[in-house]
Amino acid sequence: MAGFLFAAGCLLWQVVGLPGGRTAVAVALLAIGAAGVPRGRGVALVLAGLAWTAWQAGQYRAAWLDPALAGRDLVITCRIQDFPGYRGGALRFPCRTLGAHRVDGGAPVRHLPPRVRLVWYGPPRRLQPGEVWVLGVRLRPPEGMRNPAGFDYAAWLFRQGFGATGRVLAWPAPRRLADRAGPVDRLRRWFAGRLEAVGPLPTEDLLRAITLGIRDRPATEAFRRTGTAHLLAISGLHVGLVSGFFMLLVRGLWRRSARLCARLPAPRAAAAAGLLGAVGYAALAGFSLPTQRAAVMLGALLGMRLCGRVLRPGQAVSLALGAVLVCDPLAPAGPGFWLSFVAVLALWLIARDRPHGGGLGVRLRRALQVQWRLSLAMVPLTSLLFDQVLWLSPLANLVAVPFFGMVVLPLALFGMLGLALTDHAAGVLYLAGRLATDLAGLLERLAELPQSRLWWHPPPGTAWALVLAVALWLLPRGVPGRRAAAFLLLPVLLPALSGPLAGHFELMLFDVGQGLAAAVRTQGHLLVYDTGWRSRSGFDTGQAVVLPWILHQGLRHVDILVVSHGDLDHRGGARSLDRALPVYRVLTSAPERIGWRRVTACRDGQAWSWDGVRFRVLAPAGGSRGNDASCVLQVETADGRRLLLTGDLERSGERRLVARHPVLASEVLLVPHHGSVTSSSPDFVRRVHPCHALVSAGRHRHGRFPASSVLDRYRDLGSRIWITARLGAIQCRLGGPEAAVCRAAAAPFPGLPARSRSRAGAQARPCRGVHAALWDG
């Protein structure tokens, strides 16, 4: 029970936010005081969990990059911590900083983050763990694009403990300083070299991933769409299988010797072997966070068995939970923590009523039944965590997990260890690779089934109702309330959340850094205005940001895609979005840049109406070029509330726009050209006079985007400023008595204390149509 109470305190920060430094000290003192009060032990454990989590988060925040160093060129000395990942001609790797100074030869930089994540385009050679390099870098704080759907990069950096990210510069020239690889790094490098020396093997990337933890290639789409991608990342499943194999092997051999059993009982010897196997496998995988968590769990449980203590299942889970959170109190910020412990709890509930004994066929059938029920039990949790229902996941895991865990993984590990003795062990690795190839082929055929992945946007509380239904379903037979689980499935039949009311619309301005991507949704239609940028590594925000949000909303197509002009930071994700979803029509002022499909030129005078909402194209007119050729779109509700989308329009384009359309008054304005000094002329700002001025800009632009003089121009008119670089994605709703309401749509950054979280997550602010007379004039 103590572990559960401590865990409750560690989880409390996700509800109330992390306390600041002084508050954390006060909470710790309260915990000490409560421990001395009769019956206050439970409260003390909860407060201790909260204080411990706050202290650890404070340590991490203290290691963040100094904002004054963001975007500055530095020379750092760092030690490579793991094998780099390779994608799009670039290496991505973690390194521990040993020192730094400015490029201009100034004084050494103090308070540099101890751990940074770097990207290196076109490296001259392969990097190895343990090497020490001197690199010219440009760092930035551990931030990421914050949007209501899609991968949360900032939260991932937070969980991994990175204090900064950055890229390696071509000058000063990088140079290798020394090789300080420890025993574990040298062992992993040796095995990686042996694996490469034996020649190309089937699914060699997969073999490296499950034996050495080297994931230098992303998981294939087939594994992701069937919910089996977890097999490619060494986690609790892999470590537990290896530990269980060592336990069974040693226990069977130990029992054959009466002398050994007299010195140490076979169960204790098996526990020691299982613990050594788990730690050894975690070391071979580079002690990644999932393997550390699994090793700590097994260490706590098997350590108690070594001491002769027999724990009940509830005590075992409580001990493992407490041990993991003492070592890493921020682990609940990631989905892996929940998947691991919920799977353990579900497995215990499923297996507790299963009879023991029987022949091999009976035991195999029971094992498959347990795996099937476990896969079904995990579907609601994965739906809650990832906003998608992989209905093929139970079937795919029923086949893949036993085959992978009992055949592919043991063969791969035996083959890898055999390479230490002879090259002939490559045959075992070849067999493991062939079997993995066959498994991947089966999963690809399953992934090709129609609607193999369904994105889910349920009514509030539906997902938790499903989780509760599964919890009741897993209870032993005869427990009161077990049959009530069927009634909790009824919310699944409810329709998904609907769009805005007729005559109203919603704007979602995505956080895509220094670029632009937005979406306008009416009751039954969707318009996407620009799609952000694409990098030379192949990453684009259309695929990573816009598409997840569309699917999360339960939408399956785009009615109109507007590419405002030809700049890459506006059109970079258009092609991937068009490939992923049906796009019925594309409007653009740069048809020559959209060579992969037929488009319609964007021209002043185009108009249409959806669900009582009017859309009008106000620019460009003939003769406009460059940024001034941006497609300017005005959206108006049934009661006359307006939104103005301006792309990268500059001052000359603004003058022409004002001359052709004198009445531009709008409640919400997308500030032209990211707030540059070349846009937002005083006359244009006065004509539009927005209540809400939205700026899509990248972080750490050093006053260029947006310019402070431009922001002051809007503030002087009483406009409220919303900047994606500060708030993340921004959502505005237009129509109804409040005219226009805007709010920050993304969750606050997880590492912030409670007070900072409330400041960072800007609240909804209504606009009731003030200055209407001025606007109409």
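This report covers a helix contact, a sheet and the disulfides of the structure above.

The model is predicted: local features need pLDDT of at least 70, side-chain atom pairs count only at pLDDT 80 or more, and totals for chains, interfaces and linings use all residues. Residues are numbered from 1 along each chain as its sequence is written, and side-chain values use heavy atoms, with hydrogens and water left out.

**Helices α8 and α15**

Helices (H or I, at least four residues) and strands (E, at least two) are DSSP runs, numbered from the N terminus. Helix α8 spans residues 236–254 and helix α15 residues 393–418; their axes come within 11 Å and cross at roughly 75 degrees. Axes here are lines fitted to C-alpha atoms, for helices over the stretch in contact, and angles run from 0 to 180 degrees between N-to-C directions. From α8, the contact uses His238, Leu241, Val242 and Phe245; from α15, it uses Phe404, Gly405, Met406, Leu409, Leu413 and Phe414. Contact means heavy atoms within 4.5 Å. Of the residues in this contact, 8 are nonpolar, 2 are polar and none is charged. In this scheme Ala, Val, Leu, Ile, Met, Phe, Trp, Tyr, Cys and Pro count as nonpolar, Asp, Glu, Lys and Arg as charged, and the others, Gly among them, as polar.

**The sheet of 7 strands**

An open sheet of 7 strands runs in the order β16-β17-β18-β19-β20-β21-β22, with mixed pairing. Two strands pair if DSSP finds at least two bridges between them. At the edges are β16 (607–610) and β22 (720–723), each of which pairs on one side only. Neighbouring strands are turned against each other by 20 degrees on average, direction ignored.

Strand β21 (residues 692–695) is parallel to β22 and joined to it by 4 bridges; valine 695 has isoleucine 723 of β22 as its bridge partner. β20 and β21 also run parallel, with 3 bridges between them, and leucine 670 is partnered with leucine 694 in β21. His692 and Leu694 point one way from β21, while Ala693 and Val695 point the other way, and all are buried. Buried means under 20% relative accessible area, exposed over 50%, and partly exposed in between (1.4 Å probe, protein chains only). Cysteine 691 is also buried, at 9% relative accessibility. Helix α23 (residues 708–716) lies across β20 (668–670), β21 and β22, and runs at about 145 degrees to β22.

**Disulfides**

A disulfide is a pair of cysteine sulfur atoms within 2.5 Å. The count by this rule is 2, and the pattern is 1-2, 3-4, with bonded cysteines counted along the chain.

| Disulfide | S to S distance | Torsion about the S-S bond |
|---|---|---|
| Cysteine 602 and cysteine 631 | 1.9 Å | 45 degrees, right-handed |
| Cysteine 732 and cysteine 742 | 2.1 Å | about 105 degrees, right-handed |

Cysteine 602 lies in the loop between β15 (600–601) and β16, and cysteine 631 in the loop between β17 (613–619) and β18 (632–636), so the link ties together parts 29 residues apart in sequence. Cysteine 602 is buried at 0% relative accessible area, and cysteine 631 is buried at 1%.

Cysteine 732 belongs to strand β23 (residues 730–734) and cysteine 742 to strand β24 (residues 740–744), so this pair joins parts 10 residues apart in sequence. Cysteine 732 is buried at 0% relative accessibility, and cysteine 742 is buried at 0%.
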